[in-house]
Every structure is written in structure tokens, then in C-alpha cells.
Amino acid sequence: MFHGSLTALITPMHEDGSLDLDAYRRLIDWQIANGTTGLVPVGTTGESPTLSHDEHKLVVETAVKQAKGRVPVMAGAGSNSTAEAIELAKYAESVGANGALVVTPYYNKPTQEGLYRHFAAIAAAVTIPVVIYNIPGRSVIDMSVETMERLAEIKNIVGVKDATANLTRPLHIRKEIGPDFIQLSGEDHTVLSFLADGGHGCISVTSNVAPRQCAQIHEMWARGDVKGALEVQMKLLSLHDAMFCESNPGPVKYAASLLGFGANHVRLPLAPVAEASAERIRAAMVEAGVLA
């Protein structure tokens, strides 16, 4: 179900910071029309840390309704509170999400045993597939391959979004867990290397503004056109760089605003990108062919 180019959706907002659901629906339709194979609402890129619970649930429900079964929706349902993560995952299941993306708990730094129990409890509370989100750069802790191997024995824990940028990791996961455990890169820069090491796709930030090009990489790879996929990736390289020139999702929300998907607004403590960053982002979009 989860493969190819999945978009870690922004949450479009108006200038006053309120949700812009009309822009969100348009963004979803544009993503699907341009080859995106899955939608991931309310992850970090969707500003989950600063959405209220009611807003979080509304964004998930809106994504499911707008997708209309055309592509799967993997709803963000992470928290550093297991009880809260269970609540969010159960809600996602109740409104028809096809899966839940659950980040490793941040700040409270659980042990590997704590990680195992956290994810096992969430998986036991729902029947939809659960994907582990391993991102040490934000959560401080790194889930070991051994812990993933234990968790993979639970039927509905089906894969991992790996944002370690460690390209030995997918090899070790494939060796210890097997080729059916879904491996999704969480780093746009590493998507081709990740695919070459046995990965199945990418949960992308860049695809918010370049969905066609990001989808082409996976389509070309699937039919064996490695040279073509590399050419597209090289054309996107400056855009990948620009999307992380400041803390995500500041750059991608500015880029999306240039395409008409919401205002250039992020909620505090994030701030709008600096003018120099804005110039870099705009230039990268032009270079990638997504902005005239």
C-alpha cells in the first residue's frame, strides 16, 4: 500500500494562522493528479506540534475525505505520551485513514524497551497499519534494528520511515527483518540511494511543491531507468537543499505560498524564512521548473 512518492503534507494556513482547508483540498487534488502515491498529513511538516488536538483531527479527516480512496492516507499520530498517540491513532482509524505514522517519542528519551512497549501499545489499540518514524535529529533517540525486528513481529507494524540519512540502515533492516518490511526514506536527498538499498519509497517534503518530479523518480526507478531517475534527482537537488535551508516547514510553506497553497505563515516558535532564504528558495524552484 505504501510505496513510491508520498507527500508529508504541509498544513496550509491563512495570514492569521487559522487553517486554510480550501487550499489544503486543492493541494491534495494537485498532489494526486501529479502522481503522488500517498498522503501523510500532520507530521512535522504539517506542524503537528502546534496544532490543537481538534485541528489535528480535522486535518486528518479532511485529507481522508478529499483523497476519496484515490491514494492511501497515512496519518501522523505521534506523541511523546503513549496515551495521546493511541488517541490520535484511534481517531485516524475511525475516520478511514489507511495507516498511522508514529514518531519515536521526543524529549523524554525512552530506552529501547520503552520504545518497544510504546509502539506495541499503539499497535494493539488499532487494526490499521502502523509505520515507525525514526528521526534521531528531532527526537534525540535512535530506534535500533533489533528493536524494529521485535516490533515487526506484531502484525500491523508494517514498516519504517527512516530519517537517519544512514544508508547502511536499510541494508541491515532488510537483512534482519526481510524485504516485505516497508522502508520509506524520510530524506529527499537520499531517495535513490535508499531505493538501491532495498527501500520502497520516500515520504517527501519537496513533493509538496514538485510532486510530478518526485513521482517521476520512483516511476523511472521502477521501470529500470536509473539514469533518468538520477537526472530528475539532480535537477531537484538545489530545491532539496533549499527546503532545509531553515527549519522545516518554514521553507516549504514559503514555497507552497508562491504556488497559491496558503499564506507564508508558520506558527510560533517557528518564524517565516529570512529574505535571503526566500530568494534561495524561489531561485531553486525556478531551476527545478516548478516556478516560472
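Helices (H or I, at least four residues) and strands (E, at least two) are DSSP runs, numbered from the N terminus. The model is predicted, so local features need pLDDT of at least 70 and side-chain atom pairs count only at pLDDT 80 or more, whereas totals for chains, interfaces and linings use all residues. Residues are numbered from 1 along each chain as its sequence is written, and side-chain values use heavy atoms, with hydrogens and water left out.

**Close-up A. Helix α2 and its surroundings.** Helix α2 has 15 residues. From first C-alpha to last, α2 reaches 21 Å, close to the 21 Å expected at 1.5 Å a residue (the expected span is 1.5 Å times one less than the number of residues). Buried residues of α2 include Glu55, His56, Lys57, Val59 and Val60, and Thr62, Ala63, Val64, Gln66 and Ala67 are buried as well (buried means under 20% relative accessible area, exposed over 50%, partly exposed in between, with a 1.4 Å probe and protein chains only). Their cover includes α1 (21-33), β2 (38-40), β3 (74-76) and α3. Lys68 follows α2 and has a positive phi, near 55°.

**Close-up B. The packing of α2 against α3.** Helix α2 (residues 53-67) and helix α3 (residues 82-94) pack at about 30°, and their axes are 10 Å apart (axes are lines fitted to C-alpha atoms, for helices over the stretch in contact, and angles run from 0 to 180 degrees between N-to-C directions). The two helices are therefore roughly parallel (under 35 degrees is roughly parallel, over 145 roughly antiparallel, 65 to 115 roughly perpendicular, and the rest oblique). Their crossing is right-handed (the near helix is turned clockwise from the far one by less than a right angle; anticlockwise is left-handed). On α2 the contact is made by His53, His56, Lys57, Val60 and Glu61, and on α3 by Glu84, Glu87, Leu88, Tyr91 and Ala92 (contact means heavy atoms within 4.5 Å). By class, this contact has 4 nonpolar, 2 polar and 4 charged residues (Ala, Val, Leu, Ile, Met, Phe, Trp, Tyr, Cys and Pro count as nonpolar, Asp, Glu, Lys and Arg as charged, and the others, Gly among them, as polar).

**Close-up C. The packing of α3 against α4.** The axes of α3 and helix α4 (residues 112-125) come within 9 Å and cross at roughly 30°. Helices α3 and α4 are therefore roughly parallel, and α3 passes α4 in a right-handed crossing. Thr82, Ala85, Ile86, Ala89, Lys90 and Glu93 of α3 meet His118, Ala121, Ile122 and Ala125 of α4. The residues of this contact divide into 6 nonpolar, 2 polar and 2 charged.

Close-up D. Glu93 lies in helix α3 and, at 23% relative accessibility, counts as partly exposed. Not counting residues up to four places away in sequence, Glu93 touches Ala125, Val126, Thr127 and Ile128. Val95 is in the loop between α3 and β4 (99-103); with a relative accessible area of 22%, Val95 is also partly exposed. With the sequence neighbours up to four places away left out, Val95 touches Val60, Glu61 and Val64.

**Close-up E. The packing of α10 against α12.** Helix α10 (residues 226-243) and helix α12 (residues 275-288) have axes that come within 8 Å and cross at roughly 160°. That makes α10 roughly antiparallel to α12. The crossing of α10 with α12 is left-handed. In α10, Lys235, Leu236, Ser238, Leu239, Asp241, Ala242 and Met243 meet Arg280, Ile281, Ala284, Met285, Glu287 and Ala288 in α12. This contact has 8 nonpolar, 1 polar and 4 charged residues.
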